[in-house]
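Please walk me through this two-chain model.

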Amino acid sequence: MPLARTSSVALVGVTGHVVEVEVDIANGLVGMILVGLPDTALREARDRIRAAITNSGEQWPQRKITVGLSPASLPKRGSWFDLAIAVGVLTAAGTIPRAASDGVMFFGELGLDGQLRPVRGVLPAVAAAAGDRRFDTVMVAEQNAPEAALVPGMRVIRAATLIAATDWLRGTPGLRGDRPAAEFHPGQERADGPTASPDTAPALDLAEMLGQSMARRAAEVSAAGGHHLSLLGPPGAGKTMLAERIPTILPRLDAKAALEVTAIHSVAGTLPPKVPLLTDPPFLAPHHTATKAAIVGGGSGIIRPGSASLAHRGVLFLDEAPEFARDVLDALRQPLEAGEVVVARSGVSTRFPARFTLVLAANPCPCARAAGPAEGCSCSPATRRRYLGRLSGPLLDRVDVKIELEPVGRKELLNDRSFAESSHTVALRVAEARGRAAHRLHGTPWRLNGEIPGSELRRTWPPAPGALAVVERSLERGQITARGVVKVVRVAWTIADLAGRPRPAKDECHTALGLWLGVQR
Amino acid sequence: MSPDRRLGRQALARAALTYLAEPGDPALGALLEICEPADVLTAIKAGTLPGTGPGCGDSPASRRALELALSRWRSRLPRLPDDTGLVAACRDGIRLVCPGDPEWPGGLDELGSARPYALWVRGHANLRLACLRSVSMVGARAATGYGAHVAGEIAADLGERGWVIVSGGAYGIDAAAHRGALAVGAATIAVLACGVDYAYPAGHAGLFADITARGLVISEWPPGRHPARLRFLIRNRTIAAVTCGTVIVEAGERSGALNTARHAAQLGKPLMAVPGPVTSAQSAGCHRIIREWGATCVTRADDVIEMLVPLGAPAGTATTAGTTPSPARGAAPSRDELDIDSARVLDALPARGGAGTSTIAAEAGVDLDTVLRCLGLLAGSGFIERCDRGWRLRKPHA
């Protein structure tokens with residue numbers, strides 16, 4: 001019977017759906033048709049596959065070939081169905097035994113010469129296959145093998161060419177060609193050469209932020225509680241420097257988070273090739289000309305995750321935040337609120353996780369020259385207010401810690417030398433504080449203090465009685481707003497976690513207030 | 001439960017009298033000074049003059065006045081609810097407070113024969129305790145933004161220090177004063193010229209609900225009675241009498257607030273007025289009572305308290321039930337009350353200009369955590385503020 005079945009995976013966002021590829025060869029007009037919502041890249045598969053099969057020394061069936069991708073309602077995008085279709089065609093033609101592709105998932109793009117090319121999104125695809133009992137083996141391009149091997153419980157077959165793939169399927173690996181397909185074992189690549197690429201860039205350290213003790217503390221609090229952070233200051237004060245160092249004090253991603261983050265980066269195609277699992281919290285600093293689609297995700301063909309999702313479990317740093325387009329800043333509200341982005345396109349809506357720590361940086365005025373008589377800034381107060389006003393509103397409402405960085409004087413540099421701590425020291429405290437918060441928040445939807453909504457905070461986690469006396473007093477003086485009080489309480493919890501106290505008392509509330517009031521008004 | 005159980009016989013009679021006679025009726029006031037309320041009520045119902053005791057109808061003229069009053073009161077007899085109806089009026093948290101009750105404010109007795117027969121009260125606070133430390137704050141209904149702002153500010157400051165604001169629940173200054181007190185969680189009393197169940201002005205229904213929740217709404221008129229022009233003037237004497245002093249915030253030349261001021265002056269209570277622009281017609285009355293009646297010019301809560309508290313008595317703390325501000329609020333520490341670290345940090349700040357956080361820490365000889373905590377306390381308490389180069393001392397007057 002000239003009908004063959006193989007399997008591949010369609011990706012919707014970072015979720016894989018198993019797709020069955022059916023190939024039927026029948027009498028009729030010679031040609032090949034693809035059915036089942038293929039996109040342009042997939043429709044072009046016809047020509048690629050034909051060339052690849054012919055160039056691999058196989059016989060192209062000169063009959064009518066119908067390729068169906070099911071479920072037919074699911075839009076299928078991308079070029080990674082090539083391998084599955086090519087194997088299907090050869091199986092239907094009878095040149096590959098029917099049983100050979102049982103339990104095997106195919107994932108790869110074919111070159112015209114029969115080369116198997118690496119593709120994006122291998123990790124979520126293999127994860128989808130692993131979740132399906134019918135599959136125990138996945139065949140991918142050599143370059144994708146380390147990524148595929150991240151999913152436990154799947155046998156990974158790496159193949160360099162269609163020839164190697166067909167030989168393996170016929171049970172005669174290495175019959176033709178010099179690079180036979182074989183099972184990939186994580187670690188075997190390591191022996192081939194230097195893989196654990198040593199960071200050529202010098203490691204960043206928080207201690208380099210000398211003279212900015214408030215800023216260092218704010219970064220620590222932000223990292224420990226997942227609080228969004230706003231940095232205000234003239235150029236050269238160290239805003240970017242500080243933001244870049246926040247990942248160095250964040251704890252490494254746990255296994256689950258690492259897979260989540262790696263899956264997103266896999267779909268975006270930004271994984272490092274050799275050691276694909278991302279265990280360091282990502283740091284994303286999109287340029288201020290970035291479009292909405294670049295920040296929250298989108299695109300017309302394959303929906304790609306944006307910077308907000310790529311920064312999942314890490315830091316999204318918006319330098320020169322007021323320069324970002326208004327709609328871009330507004331689009332960040334949904335991920336800040338829900339921890340995920342939903343991008344709707346025709347036929348499908350895609351969800352990308354996006355739970356990041358937002359770090360905003362802004363100059364006090366648009367001319368980006370330092371204020372002061374000698375520095376040359378001639379912006380009027382109205383201009384400055386309007387400039388920073390672009391940030392106000394819903395976005396700034398979510399920021400718990402805001403600090404102002406000022407250029408450091410020589411005296412402050414000198415005095416701060418005894419206080420500066422290395423990233424390592426601070427990271428240990430942060431990890432402990434996060435552990436305490438997670439323990440306390442056990443059984444709630446939240447894991448970090450920064451995620452707790454204000455109403456819940458007031459109801460369930462008030463600070464110790466009387467601890468807020470001074471805070472209330474400054475509320476009455478108009479130094480802070482009612483919303484500011486909520487933020488002070490939220491940050492006070494993180495400070496208590498950092499100090500190992502069971503509940504914020506006066507001291508913690510005062511420190512939090514100091515951080516909050518540390519901005520000129 | 002029999003009617004007499006919930007309201008005693010005399011209280012029941014007083015309740016009935018509030019229905020029969022307009023408050024401030026001198027004839028009834030004089031009668032109540034010598035007769036039991038129940039006897040007066042019985043006499044009115046019977047149509048006879050109560051007794052011929054001493055002081056009662058001594059002269060033919062007063063006899064004649066009493067007869068006229070009797071016919072006046074008797075004309076309302078058909079509309080008087082029976083005892084069950086009177087008790088039923090005490091629903092929805094409405095209660096009757098009579099002279100001699102533990103809750104009766106002593107200040108009202110200074111009105112003599114013009115004192116209310118009884119007060120209908122709505123709200124949970126203790127009326128007498130609330131009135132012990134109270135200020136009336138009244139003024140124009142057509143208040144300017146300035147007047148409403150000042151009234152609100154002073155009322156809030158007074159409320160914060162445990163003073164109860166008494167006002168008339170009208171638009172303008174009255175509302176601003178009530179709202180100012182409510183804003184800081186303090187108790188406030190609205191004295192109405194209609195039944196306590198009747199929201200006048202209707203736009204203040206929400207305000208009255210807030211006042212009932214946190215303070216008291218009181219009236220000499222029984223529930224269900226509508227306001228009338230003259231009743232506001234009669235009401236004003238109660239406002240002046242229950243409080244320790246009266247503040248007029250904005251009043252035109254012919255404002256009703258001046259009527260309250262007159263009562264306060266007559267009762268010998270401190271009379272205060274907030275000045276306004278000399279060009280403002282809304283402040284003309286205030287300026288006149290300062291000039292002609294010797295009202296004290298006040299501009300802030302401290303001035304008011306200074307007028308009300310005897311020399312040497314503590315002006316700040318709240319002591320009475322129902323007037324205590326919420327426990328979360330507390331005054332920031334004064335310089336002498338700072339803990340040792342905060343005092344050190346405060347001393348470490350340069351006298352002029354600012355200093356960075358680490359510099360202050362090194363100067364004070366404390367670690368970074370401590371200095372951040374202390375800076376927060378000091379900034380929150382108003383000692384220091386942020387500047388271009390870190391932190392600096394705050395000017396004392398700011």
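In which loop is Pro71(A) found? Pro71(A) lies in the loop between strand 4 and helix 3 (82-92) of chain A, where helices (H or I, at least four residues) and strands (E, at least two) are DSSP runs numbered from the N terminus. The model is a predicted one, in which local features need pLDDT of at least 70 and side-chain atom pairs count only at pLDDT 80 or more, while totals for chains, interfaces and linings use all residues. Residues are numbered from 1 along each chain as its sequence is written, and chains are lettered from A and ligands numbered from 1 in the order in which they are written.

The peptide bond that leads from Ser70(A) into Pro71(A) is cis, with omega near 5°. Leu69(A) belongs to strand 4 (residues 64-70) of chain A. Leu69(A) is buried, because 22 other C-beta atoms lie within 10 Å; a residue is buried if 20 or more other C-beta atoms lie within 10 Å of its own, exposed if 12 or fewer, and partly exposed in between, with C-beta atoms placed from the backbone. Not counting residues up to four places away in sequence, Leu69(A) touches Val19(A), Val21(A), Gly36(A), Pro38(A), Lys76(A) and Phe81(A). Contact here is defined by C-beta atoms, placed from the backbone, that lie within 7 Å. Leu34(A) is 35 residues from Leu69(A) in sequence, and their C-alpha atoms are 7.7 Å apart in space.

Chain A as a whole has 22 helices and 17 strands, and buried residues make up 49% of its 521 residues. Among its contacts between residues at least 6 apart in sequence, 74% join residues at least 24 apart. Chain B has 17 helices and 11 strands, and 49% of its 398 residues are buried.

The largest nonpolar core has 174 residues, and those with the most contacts inside it are Ala86(A) and Phe107(A). A nonpolar core is a set of buried Ala, Val, Leu, Ile, Met, Phe, Trp, Tyr and Cys residues joined through C-beta atoms within 7 Å. Helix 21 (residues 482-499) of chain A gives the largest share of this core, 9 residues. Another core, of 99 residues, lies apart from it and includes Trp120(B), Ala125(B), Leu192(B) and Ala261(B).

Chain B contains an open sheet of 9 strands in the order 1-2-6-5-4-3-7-8-9, with mixed pairing; two strands pair if DSSP finds at least two bridges between them. Strand 3 (residues 134-138) of chain B runs parallel to strand 4 (residues 164-167) of chain B, and 3 bridges join them. One bridge partner pair is Ser136(B) with Val166(B) in strand 4 of chain B. Strand 3 of chain B is also joined by 4 bridges to strand 7 of chain B, again in parallel, and there Val138(B) stands opposite Ile248(B).

From strand 7 (residues 245-248) of chain B, Gly245(B) and Val247(B) point one way and Thr246(B) and Ile248(B) the other way, and all are buried. Strand 7 of chain B runs parallel to strand 8 (residues 271-273) of chain B, with 3 bridges between them. In strand 8 of chain B, Met272(B) is the bridge partner of Val247(B).

Where the two chains meet, 25 residues of chain B are in contact with 30 residues of chain A. On the chain B side, helix 17 gives the most, with 8 residues.

A few backbone positions remain. Most residues other than glycine have a negative phi, and most peptide bonds are trans. The bond from Tyr200(B) to Pro201(B) is cis, with omega near -5°, and Pro201(B) sits in the loop between strand 5 and helix 10 (205-214) of chain B. Arg313(A) has a positive phi, near 65°, in the loop between helix 12 (307-310) and strand 13 (315-318) of chain A. Buried or exposed? Arg313(A) counts as buried, because it has 22 C-beta neighbours inside 10 Å. Glu320(A), in the loop between strand 13 and helix 13 (326-331) of chain A, has a positive phi of about 55°. Glu320(A) has 18 C-beta neighbours inside 10 Å and so counts as partly exposed.
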